[in-house]
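Look over the sequence and the model, then read on.

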Amino acid sequence: EITCFFALDYLSGQILWYALHQIGKRIPEDYSLLSFDGPLQSFLSPSVSRVIQNQSEIGLHAVELLLQMVASGKTTYKEVIVDTSFMDNDSIRSLLP
């Protein structure tokens with residue numbers, strides 16, 4: 001049984017919310033909905049809960065890695081963990097009894 005949809009970006013989350021609404025489904029009563037990033041304020045009701053990534057930090061690490069690759073002429077792989085935050089906009093329902 002599907003209980004939650006996870007959209008990879010905020011726009012996809014909005015489209016999914018609209019599509020579910022069009023077939024008579026409600027968020028979070030029928031399905032939970034979670035996405036990445038998006039504006040700090042949303043005018044959807046309910047708004048989509050989301051994971052906010054530190055895009056500036058991701059960009060800085062990407063540039064550092066690219067510069068290292070250009071300088072060395074070698075492909076470099078590196079795992080980088082950046083801080084995230086969770087914006088709870090009441091689009092996720094608990095499955096606990």
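The 13 residues of H1 should span 18 Å at 1.5 Å a residue, and its end C-alpha atoms are 18 Å apart, so the two agree. The expected span is 1.5 Å times one less than the number of residues. Helices (H or I, at least four residues) and strands (E, at least two) are DSSP runs, numbered from the N terminus. This is a predicted model: local features need pLDDT of at least 70, side-chain atom pairs count only at pLDDT 80 or more, and totals for chains, interfaces and linings use all residues. Residues are numbered from 1 along each chain as its sequence is written, and side-chain values use heavy atoms, with hydrogens and water left out.

- Tyr10, Gly13, Trp17 and Leu20 are the buried residues of H1 (buried is under 20% relative accessible area, exposed over 50%, partly exposed in between; 1.4 Å probe, protein chains only).
- They cover an arc of only 85 degrees around the axis, which puts them on the same side of H1; the arc is that of the directions from the helix axis to the C-beta atoms.
- Leu11 and Ile15 are exposed on the other side of H1.
- Strands E1 (4-7), E2 (32-36) and E3 (49-53) are among what covers the buried residues of H1 (contact: heavy atoms within 4.5 Å).

**Ends of H1**
- Asp9 caps the N-terminal end of H1, with a side-chain oxygen 3.2 Å from the backbone nitrogen of Leu11.
- Gly24 follows H1 and has a positive phi, near 85 degrees.

**Core**
- Tyr10, Trp17, Leu20, Ile27, Tyr31, Leu33 and Val48 form the largest nonpolar core (buried Ala, Val, Leu, Ile, Met, Phe, Trp, Tyr and Cys residues joined through side-chain atoms within 4.5 Å).
- Helix H1 (residues 10-22) gives the most to this core, three residues.

Methods:
A polar contact is a pair of N or O atoms within 3.5 Å; within protein, one must be able to donate a hydrogen and the other to accept it, and residues adjacent in sequence count only if both atoms are side-chain atoms.
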